[in-house]
Amino acid sequence: MRYISTRGGMEPVSFSEAVMTGLAPDGGLLLPERIPDATAELDRWKGLSYPELAAEIVARYADLPVEDIRRLVRKSYQCFSTPEVAPVVRVKAIHVLELFHGPTLAFKDVALQLLGNLFEYLLSASGRKLNILAATSGDTGSAAICGVRGRERINIFVMHPHGRISRIQELQMTSVTDPNVFNLGVEGTFDDCQGILKAVFRDLDFKQEYGLGAVNSINWARVLAQIVYYFYGAFRVMDSTGASRVRFCVPTGNFGNIFAGYLAARMGLPVGALVLATNENDILSRYFSTGVYSLGEVVPTVSPSMDIQVASNFERYLYYRLGEDPAALRELMDTFAKSGRIETGPDEDCLFVSGAGDTRATLSTIAEVHRDSGYLLDPHSAVAFYVAGQHLRPDEPMISLATAHPAKFDQAIREATGDDLARHPALDELENRPTRLDIVPASESAVREYIVSHVAPVERVRAEAGFATP
Ligand SMILES: *Cc1c(COP(=O)(O)O)cnc(C)c1O
């Protein structure tokens with residue numbers, strides 16, 4: 001399978017290059033040249049274990065030896081606390097697909113464990129080294145660190161706004177003291193961190209000299225890894241209910257998770273609807289009800305990983321929405337950059353529907369579900385559960401995605417229920433671990449100097465010698 005840019009300005013590249021490149025040189029996002037049709041495989045795939053199914057799906061998109069794919073996938077999901085990886089639990093009328101059984105207790109582990117293994121595999125094949133630079137407001141940083149800790153050919157530098165993330169989130173990162181992990185507490189906001197990240201990546205010479213790479217949610221391998229649990233969850237629920245079609249409800253921020261569901265449906269999984277759920281930051285749910293995508297202000301909520309206005313993966317969906325026409329997409333993205341507003345009209349195939357749940361609805365859903373069924377939802381999963389309840393259909397069971405363990409957001413749980421109900425041994429244990437954190441000023445030059453003083457420059461990488469660096 002080869003990969004193209006949504007903006008049409010790049011020769012098709014291999015899977016390996018797509019994974020190492022991240023963003024296309026023309027500013028677009030990478031997509032497979034075509035979406036493979038898996039309709040004929042569904043009967044066989046139903047009986048597979050999670051790692052077996054993951055290997056089958058990854059093999060449809062990655063031109064790597066099948067044995068290597070199997071090994072990479074097995075290794076990636078070994079560290080999950082259940083062999084099912086993504087179990088389904090029935091809560092009232094809804095089937096909850098639990099995606100938080102990875103090492104950092106958020107769904108980002110599903111993709112970042114595989115990405116870490118893929119990086120290591122591709123780097124050892126090419127003899128290269130990679131220095132990952134990332135900015136995080138919470139969940140992504142710890143999952144990315146966990147995906148690459150202890151690996152020989154990779155260093156990771158993660159910036160977070162010092163003192164502005166939760167204590168648990170900070171400990172999940174700073175308690176990882178492997179020599180290849182560098183935590184930078186930036187004296188500023190998350191926007192400062194992202195600004196520094198963008199500025200450093202814009203310096204192409206520096207990027208090349210230090211072999212800089214990215215792990216943000218636009219990396220194709222992250223989307224790919226997420227396709228798997230849509231199939232896995234649908235098979236479990238079709239099996240337990242006898243239904244021939246399911247719907248999904250997805251708590252959405254950067255549109256990465258639900259976009260994987262869109263691809264699963266396009267591959268032939270019988271999906272009746274993809275319900276997009278947002279909190280007060282509802283640019284996407286407004287788009288799917290009105291066909292207008294227009295920028296607002298970011299409002300902080302109890303589901304912080306969904307506090308996003310510009311959803312970085314949305315461009316991938318727009319590419320298909322515009323009939324795979326890169327020129328039309330470029331025009332639309334230009335319009336958005338200039339005016340903060342675009343309009344496509346309502347979606348004709350009607351796969352997407354949407355809804356929003358504000359902080360009040362989130363907290364009362366957590367309290368109600370816990371009171372009625374003894375099940376504890378984290379605030380992100382509660383937004384989805386709330387919106388899912390408004391889109392139930394008797395003939396199509398609803399699968400609502402649970403993206404974090406409630407113990408990661410213990411304060412919201414306390415606020416919702418009045419009790420300290422959300423604990424997890426892996427988080428309790430963090431309190432006594434040694435930590436490592438360096439505080440740096442919110443300036444590009446400080447971060448750059450930090451990187452320079454902590455790694456030796458890698459050999460200059462020429463594009464024609466193999467991978468373009470991300
Ligand atoms: C990242 C995240 C989300 C949002 O997922 P997107 O792929 O950005 O739409 C939802 N919930 C949790 C807990 C997350 O960490």
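I looked up Tyr77 and found that this residue is buried, as is Phe80, where buried means under 20% relative accessible area, exposed over 50% and partly exposed in between, with a 1.4 Å probe and protein chains only. The model is predicted, so I kept in mind that local features need pLDDT of at least 70, that side-chain atom pairs count only at pLDDT 80 or more, and that totals for chains, interfaces and linings use all residues. Residues are numbered from 1 along each chain as its sequence is written, and side-chain values use heavy atoms, with hydrogens and water left out.

Next I searched the whole structure for aromatic pairs, and the search gave 34. Rings of Phe, Tyr and Trp (its six-membered ring) pair if their centres lie within 6.5 Å, and planes under 30 degrees apart count as stacked, over 60 as edge-to-face and the rest as tilted.

I noted that Tyr3 and Phe15 make a tilted pair, 6.1 Å centre to centre with 55° between the planes. This pair links distant parts of the chain, 12 residues apart, with Tyr3 in strand β1 (residues 3–5) and Phe15 in helix α1 (residues 15–21); helices (H or I, at least four residues) and strands (E, at least two) are DSSP runs, numbered from the N terminus. Tyr3 counts as buried because its relative accessibility is 0%, and Phe15 counts as buried because its relative accessibility is 0%.

I then returned to Tyr77 and Phe80, whose ring centres are 5.4 Å apart with planes at 70°, so the pair is edge-to-face.

Last, I looked at Arg266, whose charged end sits over the ring of Tyr320, 4.9 Å from its centre; this requires NZ of Lys or CZ of Arg within 6 Å of the ring centre and within 35 degrees of the ring normal.
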